[in-house]
Amino acid sequence: MRHDFLDRYSRLHSPIHRLPAVLKLAAALAVVLTVVLLPPSRVVLLGAVSASLLAIAWLSRIPWRFLVRRVILLEPFVLGAAMLALFQPGGWRLFLFLVAKCTLCLLGMVLLSNTTTFSDLLRLLKAARVPALLVTTLSLMYRYLFVLVDETQRMKRARLSRTFTPQRTWAWHTMATVVSQLFIRTSERAERIYAAMCARGWR
Amino acid sequence: MHIPDGFLDSKTAVATGLLAATGLGVALRQARLHLPPRRVPLLGLAAAFVFAAQMINFPVAGGTSGHLVGGVLAAVLLGPSAAAIVMSAVLIVQCLMFADGGISALGANIFNMGVVGTVGGWAIYYGVSRTVKGLFGCVLAATFAAWCSTVMAAIACAGELATSRTVGWWVALPAMAGIHMLIGLGEGLVTALVLAAIARARPELLQPDAATGPVRSCGVVVVYGVLIALGLALFASPFASSWPDGLDKTAEVLGFKQKAVGPIVPVPVRDYRIAGIHWSVLGTSIAGAAGTLVVFALAWSLARVLVPGAKADNETSPRQAP
């Protein structure tokens, strides 16, 4: 069971975690919008936003190493996309600006996802009149994400314990079979879940 | 291909948000009308499956690895509208829980991967598998559609980045399309292998009527078609012509141009054109067409390998008698 990377710190106890979810979502949106819409002449504001985000991170008692590692893990996507900006005249300033902005947005969203439980966010979506089918899909997805990730890891462990030398030529074939097995098990599980839901009075 | 926050300007973010909301709305309505209640839990489970499958790494040369995106796989297994919902759910969870893909770019990501990549990919799958029947046709069509969907989503993504003036057209398009033409080969191969493995183990799960049955209402096809065409016209038209870009034009016509927040960073894109642009367009188009033909041939031979005895199967229609 090594899937605690999913939303590990969203159930901590801290002043930030106790705030209502609406407030946190609104704050995260405000941070992202401010940073995204910021003209490059207002670099001071970027500093202000980053200072407040760091204060929130300190108040929320999420370990620093986790935050840094999570942001660094997501950084390749940002760097890859920002790299395209390097190919035009005067691109390096744009590159630095883009990377700084994106890192701040990432930090804001990582803080949101680790201070708010997903079910609270789903409740917000429901209150915002998002179609019920989408909310049901999202909540079922969140509920069974952990189960399926766990199942994937069990299949991986089973495969590793049976293959002594990984054959590179057949690696893709084996992986694809694992994915197909995962789908078959998923659809069987969906049938069982439907039967169980009906048995409990789901209409 | 997840666009992070900060790469799209406000007009692009709003336009893609509207396109994505319409596409997702049509898919949800379609599912509410036609999806049997038995399959409602499968939507959530399939979204979790796509998420878990994306975590399985396929080794590529040099210690790097890639993973499945799964839009076309989901569309083949569940049908286009359900697949659009599934992929949107995956993108929403990735954005809210993992900060993978920005929240201001959520609309763009859903439009690229959930609508263009999934529904557009399914349309190609539908077309090809109607002409080439049987399991062989199914694998061939899915492989080709998976490649096309990756490239189409990449082109839409490049168009959005260029429309936001973040990156110039002549940088964004070749880089994104070129890289994703390679990545798409992997996506096609994995999709084919997974479908062939499912067909071996549980052939009844490859639901022919969910994915390739007769399209029930023309309205949905029209709406999806108009959405994708609109997206391409807005974001990909500057590539094909030197007209003022579609969104600017629309903004001018609708009169909200003054209110729109200007480009975040003034990039000299408007006047940044390579000499001999017409040749470039022609050359790129020819290269793209040739690449597509090569991929189709590759998909054909892959399907031949994965579905042996395809000729004999063609006559007996393996879907009815697996």
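This is a predicted model: local features need pLDDT of at least 70, side-chain atom pairs count only at pLDDT 80 or more; totals for chains, interfaces and linings use all residues.
In the model, 64 residues of chain A are in contact with 62 residues of chain B. On the chain B side, two or more residues come from each of helix H1 (10-34), helix H2 (40-54), strand E1 (58-59), helix H4 (80-98) and helix H7 (169-201). Of these elements, H2(B) provides the largest share, with 13 residues. By residue class, the side of chain B that touches chain A comprises 49 nonpolar, eight polar and five charged residues.

Helix H7 of chain B, one of the contributors to that side, deserves a look of its own. H7(B) is built from 33 residues and spans 46 Å between its first and last C-alpha, close to the 48 Å expected at 1.5 Å a residue. The helix also bends, by about 30°, at B:Met181.

A:Arg61 sits in the loop that links helix H3 (43-59) to helix H4 (64-83) of chain A. B:Ala99 likewise belongs to a loop, here between H4 and helix H5 (106-131) of chain B. Their surroundings can be read from neighbour counts. A:Arg61 is classed as partly exposed because it has 14 C-beta neighbours inside 10 Å, a count between the limits of 12 for exposed and 20 for buried. B:Ala99 has 27 other C-beta atoms within 10 Å and is therefore buried.

Definitions and conventions
Residues are numbered from 1 along each chain as its sequence is written. Chains are lettered from A and ligands numbered from 1 in the order in which they are written. Two residues are in contact if their C-beta atoms, placed from the backbone, lie within 7 Å. Helices (H or I, at least four residues) and strands (E, at least two) are DSSP runs, numbered from the N terminus. Ala, Val, Leu, Ile, Met, Phe, Trp, Tyr, Cys and Pro count as nonpolar, Asp, Glu, Lys and Arg as charged, and the others, Gly among them, as polar. The expected span of a helix is 1.5 Å times one less than its number of residues. The bend at a residue is the angle between axes fitted to the seven residues ending there and the seven starting there.
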